[in-house]
Amino acid sequence: MLQPTLDYEQVGLVAGLEVHQQLLTERKMFCHCPAGLYTREHDGVVLRHMRPTLSELGEYDGTALMEFKTRKNIIYLLHESNVCTYEMDDTPPFLVNQQALDVAIEQCLMLGCDIVDEVHIARKQYLDGSIPTGFQRTAIVGVNGHLPFRGRQLGITQVSVEEDSCREVADRGHLVVWRTDRLGMPLIETVTEPELRTPEEVAEAIMLIGLVCRSTGHVRTGLGASRQDINVSVRGGRRVEIKGVPQAGWAPALVHGEAWRQVNLLGLRDELVRRGFRGPDDLTVDRVDVTELLAASRVDYLRREGWQKLIEAEGRRPGLELGEGPFRVWALRLPGLAGTLDWPTQPGYVFASELAGRVRVVSGLDLPPVLLYRGNWPSGAAGELELLNKRLAGGDGDDWVVVWGPEQDLHTAAGEVRLRYLDALEGVPSETRQAFADGHTDFERILPGPDRMYPDTDSPPTCMTRERVEALRRALPPPPWERQRRYAEAGLATKTIEYLIRRGGAALVDRVVERCGADLRQAGIFFGERLRGLARRGVDVTAIAADRWEQLFELLVEQPLLWEVWAELVRIMVEERTSSPADLAAAREWGRPPPNWPELLERLLARKPDHRLDESGRWRFYMGLAMDELRGRVAGAEVAALLQERPEVRGEVR
Amino acid sequence: MSEGSDEFKGYRGRALRHLRQWGVRVWSDVRVRNDAGSVFEGVILPRSESFDDLHIVIKLKNGYNVGVHVDRVVDVEELGYKKATYKIPEQEFPRRRDLPAVTLLGTGGTIASRLDYRTGAVIPAFTPGELYGAVPELADICNLKTEKLFGVFSENMAREQYLILARKIGEEIAAGVDGIVIGHGTDTMGHTAAVLSFMVQDSPVPIVLVGSQRSSDRPSSDAALNLIHAVRAAAYGDIAEVQICMFGPTSDRYGLLHRGTRCRKMHSSYRSAFRTIGAIPLALVDMKRFHYLTNDYLRRDRSRQVRIDAVYDDRVTIIYYYPGMAPDVVDAMVDRGYRGIVIAGTGLGHVNKPLYPALKRAVARGVHVVMTVQTLWGYAQMYVYDTGRDLLDLGVVPLDNMLPETALMKLCWVLGHTDDHDEVLQLMRKPINHEITEREPHNGYLILQGGLPETEQYIASHWK
């Protein structure tokens with residue numbers, strides 16, 4: 001897609017990050033289920049609904065109400081191996097996982113955060129069903145941190161711990177299906193200050209914070225183990241949260257697209273104000289029932305029987321996916337709003353898609369194209385267009401959209417169309433938007449406010465003792481920027497450094513350097529390049545525990561000669577897991593030259609190489625023969641020196 | 001100003017001294033800076049008195065709470081003061097001539113509530129207007145009247161509350177209501193349902209006890225749906241008995257109506273904790289229909305005269321037998337003047353031999369000793385084994401398949417009428433409303449055992 005250019009500084013682009021990272025704990029956050037055990041099957045199903053609770057003022061929170069309006073039937077798929085009755089909200093929480101709190105403290109220390117003295121668990125309401133309780137348990141562990149970024153300090157607002165939510169299986173009409181295996185896994189959320197200024201900075205900050213998380217050595221890796229929310233606004237706009245960005249590479253297009261969208265929405269606001277729209281009283285959406293008018297439409301889904309056929313084919317069941325009421329088609333007349341439906345928003349999208357997003361999520365009318373207007377009217381149905389234009393004849397300044405489906409949902413849809421235009425009067429609504437790989441976003445929900453947070457009365461606070469924090473600080477691995485500097489100085493390649501920090505090999509490198517006196521560059525190349533190569537050839541190097549790597553390096557420091565058989569040694573270590581590397585080497589007589597090895601050389605020199613070989617060819621021939629016998633026992637250099645002097649190699653004897 | 005006053009709710013010792021010194025209090029909107037230069041802006045919240053006196057709790061602007069150690073605070077600035085008002089706004093409950101009249105009696109616990117977002121405190125909604133705000137669906141079901149009788153946790157329900165409740169039910173029936181709902185904490189809901197089954201007989205209208213297993217301040221609470229089901233059962237149901245209305249499955253699907261004498265809370269926290277024991281429930285109720293599971297119940301009949309028989313003698317105890325129980329446990333009860341002992345015996349209704357002399361002494365002192373089974377399902381059948389026959393000879397009276405708690409409540413009620421041994425035993429053994437049944441249907445005992453292929457197949461094909 002062609003990306004229009006934008007001067008980010010001029011439009012006042014501001015972005016911040018919320019980086020979510022799963023922790024490598026044995027158990028979940030608030031119960032004793034195993035963490036990280038995913039299943040594709042289920043052996044139980046639960047149906048629930050969410051009901052908003054009355055807010056402080058005895059009113060329903062806007063977001064909560066929106067989510068209640070969707071009247072979602074929520075189905076949870078359970079498997080006994082990874083969920084218990086806690087996840088299903090049938091048992092109160094157990095005490096918070098202290099291992100998770102420890103990792104959060106490590107993250108805080110790495111980012112220079114001030115650890116909160118007493119951690120209080122809060123509930124953050126979500127009514128979309130992604131968490132069966134209707135809220136996520138979460139707590140701030142540290143505040144006021146920073147990390148070095150592009151020659152300046154990037155502020156860290158807070159680091160918190162929280163429980164992960166369900167994985168969505170399907171969302172169709174009024175039914176959403178969630179798989180519960182991931183639910184309750186411990187996460188840390190690292191929140192930056194809104195101090196990022198360009199889409200590229202956002203991508204870079206994601207990478208850097210990811211490195212910090214991984215530097216603790218206590219986080220999960222792999223698909224879905226880390227997810228980012230990017231908060232974006234431009235001057236005059238509002239914070240929009242782009243949710244669930246799986247990798248840094250998506251960020252530039254998403255941030256750019258959102259900045260573009262906000263600039264355009266601000267333009268639309270000015271246009272609406274220019275036309276005299278000031279507040280709710282100026283905005284009307286007339287509902288005109290056009291079911292009979294379109295009864296003979298060539299567009300299948302606009303006719304009752306065509307639509308019926310479609311929902312049957314889609315497997316939409318009454319009382320589950322399907323909304324209530326008879327099938328109707330409504331035209332929503334938009335007085336004074338001509339031209340606004342085609343108003344550009346994100347690159348390649350127009351304002352009608354903003355309406356469609358809200359209608360899809362809130363009313364449950366999600367069958368494409370969700371709504372019709374002049375701009376997406378199906379080809380070959382010009383007659384219907386004419387009928388509608390005639391029926392809806394108003395001033396030139398009017399426009400309309402058409403929605404269809406069960407009548408109850410049409411009421412919701414009409415209400416949402418009006419609400420979205422009301423928001424347009426303000427410019428940019430605060431909302432959470434779902435990210436897609438192609439760089440576009442779609443409406444997910446209204447952005448939750450602080451009103452949706454309240455104390456978790458089921459959980460006592462945890463006092464963070466000085467002893468605990470200091471013990472973790474003493475064992476803290478170095479932050480990535482410190483390692484990056486040290487490794488680069490030792491002469492390691494940037495790619496190798498990145499790999500070591502992301503994949504956890506850095507901890508081993510530092511360990512063998514510190515404890516065995518290994519050479520940093522040699523150890524870095526070993527863990528960051530050589531072992532990778534071996535792993536690619538099918539050797540399960542992950543089977544070797546840290547203490548055995550340490551034993552190996554003790555041996556290598558003592559007997560550098562064994563570097564010549566490192567690959568064989570590692571192979572054997574994988575196979576024979578109970579013996580020490582020293583014993584394994586000794587059993588093969590590695591490190592001990594045969595007493596008669598020059599005689600052995602004599603014997604080999606009796607063999608004749610191919611007569612066509614030149615001197616270096618002959619040298620390689622004899623060297624190969626010799627090292628097959630002597631590798632790991634006599635240094636190659638020593639053998640080479642001897643061979644080089646021999647007439648058989650030099651070609652003086654034939 | 002004393003410790004624990006409202007201004008410093010929950011703060012004591014060092015934390016309290018510091019708050020005073022800083023000139024701030026609970027609900028103060030503050031900016032606090034600590035020795036690391038971190039700034040916390042928000043409202044000082046009340047603190048639980050069971051927590052230490054070293055931290056103050058601040059609700060930050062972003063909604064999170066943190067505890068700040070008082071020794072680390074270097075600077076406090078009061079920006080304002082925002083006291084929480086624990087009041088729920090009322091909306092008038094709409095009334096319609098065509099809808100039945102239901103009275104909701106409150107005993108405590110919250111079936112509907114609003115949440116204080118700052119403290120997490122739950123403010124119960126109880127007047128019709130408050131309930132209408134929280135569960136608007138109620139207005140489509142009935143014309144609701146409410147009366148709060150007491151505000152106690154269900155474990156604090158006892159003689160006084162039972163008597164008041166029974167008499168109040170009588171008054172409401174006399175006033176012509178179409179049904180009565182009793183909001184009740186779930187822990188002892190079974191006990192209350194049992195005792196009301198004896199105190200309120202021949203009711204012309206349904207009397208429905210209801211509660212919730214997840215508090216109503218949670219989006220996923222069962223409270224609203226339970227209340228809707230219960231109000232529907234009271235307004236339109238045909239069963240004019242004391243009954244419990246709680247979730248059938250843990251899914252939001254339907255409620256079950258359980259007979260008051262045969263129902264028990266069988267899980268400490270599950271939504272579907274309430275089960276009928278040794279029989280089947282009376283009916284299923286959901287948003288649209290009633291599905292009666294049996295014909296054997298008292299029909300709604302406005303012409304029937306209710307009998308309110310509110311008496312209760314609480315000098316009765318329950319002894320849960322265990323191997324090696326010493327006889328002095330029984331002796332102590334007798335010596336302390338208890339008039340009735342319900343034994344929850346092992347198996348078919350057994351205790352060990354060393355207890356015999358103590359039981360003999362109890363019976364000789366005129367104490368009424370009855371036997372139930374701690375297996376909950378099944379009958380006390382004391383003529384099967386020697387032990388049982390010996391106990392019968394000692395004067396211990398088996399109560400067949402009466403639930404232990406039901407037996408306790410019934411013995412209290414019976415002793416409110418008479419202390420004559422023969423009369424007591426005759427009343428205990430004569431069922432008033434199915435507390436003893438002659439037959440146990442084979443589907444009255446069903447505890448599906450997980451892991452079995454057929455159970456797993458069932459679970460996989462039904463919403464739990």
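Before anything else I needed a rule for pairing: two strands pair if DSSP finds at least two bridges between them. I also noted that this is a predicted model.

**Entry 1: a strand in chain B and its neighbours**

With that rule in hand, I looked up β21(B) and β22(B), residues 368-373, and found them paired in the parallel sense over 6 bridges. Val342(B) stands opposite Val370(B) in β22(B). I then traced the chain from β21(B) to β22(B): the path goes through helix α7(B), residues 356-364, and this β-α-β crossover is right-handed.

Next I went to β20(B), residues 316-320, which pairs with β21(B) in the parallel sense over 5 bridges. I picked out one bridge there, in which Ile319(B) has Ile343(B) of β21(B) as its partner. The chain gets from β20(B) to β21(B) by way of helix α6(B), residues 328-335, and this β-α-β crossover is right-handed too.

**Entry 2: chain B as a whole**

I stepped back for some totals. Chain B comes to 11 helices and 23 strands. Its C-alpha trace spans about 80 × 60 × 50 Å along the principal axes. Of its 464 residues, 48% are buried. I also looked at contacts between residues at least 6 apart in sequence, and 70% of these join residues at least 24 apart.

**Entry 3: a mixed sheet in chain A**

I moved to chain A and found an open sheet of 4 strands in the order β2-β3-β10-β9, with mixed pairing. Which strands stand at the edges? They are β2(A), residues 44-48, and β9(A), residues 167-172; each has a single partner strand, so one side of each is left without a neighbour in the sheet. On average, neighbouring strands here are turned by 20° against each other, direction ignored.

Inside this sheet I followed β3(A), residues 73-78, and β10(A), residues 175-179, which run parallel and are joined by 5 bridges. Asn73(A) stands opposite Leu175(A) in β10(A).

**Entry 4: an antiparallel sheet with a helix across it**

Another open sheet in chain A has 3 strands in the order β14-β15-β16, and its pairing is antiparallel. The edges are β14(A), residues 286-289, and β16(A), residues 399-406; each has a single partner strand, so one side of each lacks a neighbour in the sheet. Neighbouring strands of this sheet are turned by 30° against each other on average, direction ignored.

I counted along β15(A), residues 327-334, and β16(A): they pair in the antiparallel sense over 8 bridges. Val329(A) stands opposite Trp404(A) in β16(A). I then saw that α9(A) lies across β14, β15 and β16 of chain A, running at about 150° to β16(A).

**Entry 5: two helices packing**

How do α7(A) and α9(A) pack, and at what angle? I looked up α7(A), residues 351-363, against α9(A), residues 407-426, and got an angle of about 140°, with the axes 9 Å apart. That makes α7(A) oblique to α9(A). The crossing of α7(A) past α9(A) is right-handed. Among the contact residues I noted Leu355(A), Val359(A) and Val362(A) of α7(A), and Ala413(A), Glu416(A) and Val417(A) of α9(A).

**Entry 6: where the chains touch**

The contact takes 46 residues from chain A and 46 residues from chain B. On the side of chain A that touches chain B, the elements giving two or more residues are β2(A), β6(A) (122-125), β7(A) (135-149) and β19(A) (453-455).

**Entry 7: one loop residue**

Last, I stopped at Arg220(A), in the loop between α4(A) (199-215) and β12(A) (226-233). With 19 other C-beta atoms within 10 Å, Arg220(A) is partly exposed. Gly36(A) is 184 residues away from Arg220(A) in sequence, yet the two are 8.6 Å apart in space, C-alpha to C-alpha. Leaving aside neighbours within four places in sequence, Arg220(A) is in contact with Gln22(A), Leu23(A), Leu24(A), Gly36(A) and Ala225(A).

Methods
Residues numbered from 1 in each chain as written. Chains lettered and ligands numbered in written order. Predicted model: local features only at pLDDT ≥ 70, side-chain atom pairs only at ≥ 80, totals over all residues. Right-handed = clockwise from strand over helix to strand, strands pointing away. Axes fitted to C-alpha atoms, helices over the stretch in contact; angles between N-to-C directions. Parallel < 35°, antiparallel > 145°, perpendicular 65-115°, else oblique. Left-handed = near helix turned anticlockwise from the far one by under 90°. Contact = placed C-beta atoms within 7 Å. Buried ≥ 20, exposed ≤ 12 C-beta atoms within 10 Å, placed from the backbone.
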